[in-house]
Amino acid sequence: MRDVVIAGIGQIPVGEHWELSLRTLAARAMLAARHEAGMELKPQALYIGNMLASTVSHQSNLGALLADNTGLTGIEAFTVEAADASGAAAFRMGYLAVASGMVDTALVVGVEKYTDMVGSELEAAVSEMTDYDWEAVEGLTPTAQAGLLMQRYLYEYRPPREAFAAFPLLAHANGAGNPNAMYRKAIKPEVYAGAEPICDPLNLFDIAPYADGAAAVLLTTVDRVPAGFAHPLVKVTGSASVIDRLALHDRPDFLRFEAARLSIERACRMAGIMPQDVDFFELSDTSSIHAALTLEAAGLAPHGQAAQAAAEGRFNLNGALPINTLGGLKARGHPLGATGMYQIVEATLQLRGEAGVNQLGKARRALVQNLGGTAATAVTHVLERVERQNR
């Protein structure tokens, strides 16, 4: 396996882009990544992370659409779907393609045009990430699943309910420093406490907002990075994807995110590290309970204690292990199939030292995990900064 580095990144602000088409969203991110890397570094393959296009945008065959729209004719191109882990799954495909030697340069983009549909049909489309026969058909949405998880968690472990405020509070504080975030304003504890309930016991601030977005990276080998590349290189040192049983009722213990745990273990083993060895962790805070269960799956907090650890500041920017340093899904927004690519782009910015007011200092290593559905799919990567003299 060859070493694979990120040679270019691109993203657009997350939000409701009513005026832009799916192809335009993707093109802007793809071209930004290519321009940063140098347009002479032409990709031989394009991998697209997307969840909803065939239903919501009435468009499939995105490989041909997006490659042709950006002038990439005659290359390999197709869509990777893994619910809202589609972006990270596409990144893994690009990584494996370059690492194996099948291609020398791959472009990966995550794109979602959530606002191409409105109303109950849109909610039904999002719910397709659950088990249709046993969950979605009964009206159980992903948000409702999160509410049930939170209810059980509070019953099992008896943590103080107010401790969960720490997750949206830190997300919004970090999102305030991210120019591409959907929400760029910190919130106060009393604002969180007074928010309307969505799926009891989760309130409005406990749930990541769905949105439109596109983010892209160009992957290649170190020797193919143009000599004039102006940014520190970031290498992929660990990669793993694991699935769990899709329906919650089929799992032995649905308060244990087993796929999340295993994918972290395998990615870290590949990188030769432990989860505690990273400088920060970009995780899928689809809801506050997702954040807590992910931290516990990673072994970064004992079971039942992640929310309290967050309330004590362990995961803040100045804490022992910062998480979601540019706002996470909650403040940056959650463009579903594109989310995993936003996580990769944001981690790359941190490792380069280009995260602006949210810069952690000289961060060297990142853990990045994207969850699909209620942790039915977990895709994890370890990224590391490469000093230029080591090229």
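The model is predicted, so local features are taken only where pLDDT is at least 70 and side-chain atom pairs only at pLDDT 80 or more, while totals for chains, interfaces and linings use all residues. Residues are numbered from 1 along each chain as its sequence is written, and side-chain values use heavy atoms, with hydrogens and water left out.

Helix H1 (residues 22-37) packs against helix H3 (residues 62-69) at an angle of about 60°, and their axes are 9 Å apart. Axes are lines fitted to C-alpha atoms, for helices over the stretch in contact, and angles run from 0 to 180 degrees between N-to-C directions. H1 and H3 are therefore oblique to each other; angles under 35 degrees count as roughly parallel, over 145 as roughly antiparallel, 65 to 115 as roughly perpendicular and the rest as oblique. The H1 side of the contact (heavy atoms within 4.5 Å) is made by Leu22, Arg23, Ala26, Ala27 and Met30, which meet Leu62, Leu65, Leu66 and Asn69 in H3. Sorted by type, the residues of this contact between H1 and H3 come out as seven nonpolar, one polar and one charged. In this scheme Ala, Val, Leu, Ile, Met, Phe, Trp, Tyr, Cys and Pro are nonpolar, Asp, Glu, Lys and Arg are charged, and the others, Gly among them, are polar.

Ala29 also belongs to H1. Ala29 is buried, with a relative accessible area of 0%; buried means under 20%, exposed over 50% and partly exposed in between (1.4 Å probe, protein chains only). Leaving out neighbours within four places in sequence, Ala29 is in contact with Gly10, Gln11, Ile12, Ala214, Ala215 and Ala216.

Helix H4 (residues 86-100) spans 21 Å from its first C-alpha to its last over 15 residues, close to the expected 21 Å, a figure given by 1.5 Å times one less than the number of residues. Of those 15 residues, 11 are buried, so H4 is largely enclosed by the rest of the structure. Among the buried ones are Phe91, Tyr95 and Val98. Gly101 comes after H4 and has a positive phi, near 90°.

Over in strand E11 (residues 377-386) sits Thr377, which is buried, with a relative accessible area of 15%. Not counting residues up to four places away in sequence, Thr377 touches Ala82, Ala85, Ser241, Val242, Ile243, Asn370, Leu371 and Gly372.

How values were computed
Helix = DSSP H or I, 4+ residues; strand = E, 2+ residues; numbered from the N terminus.
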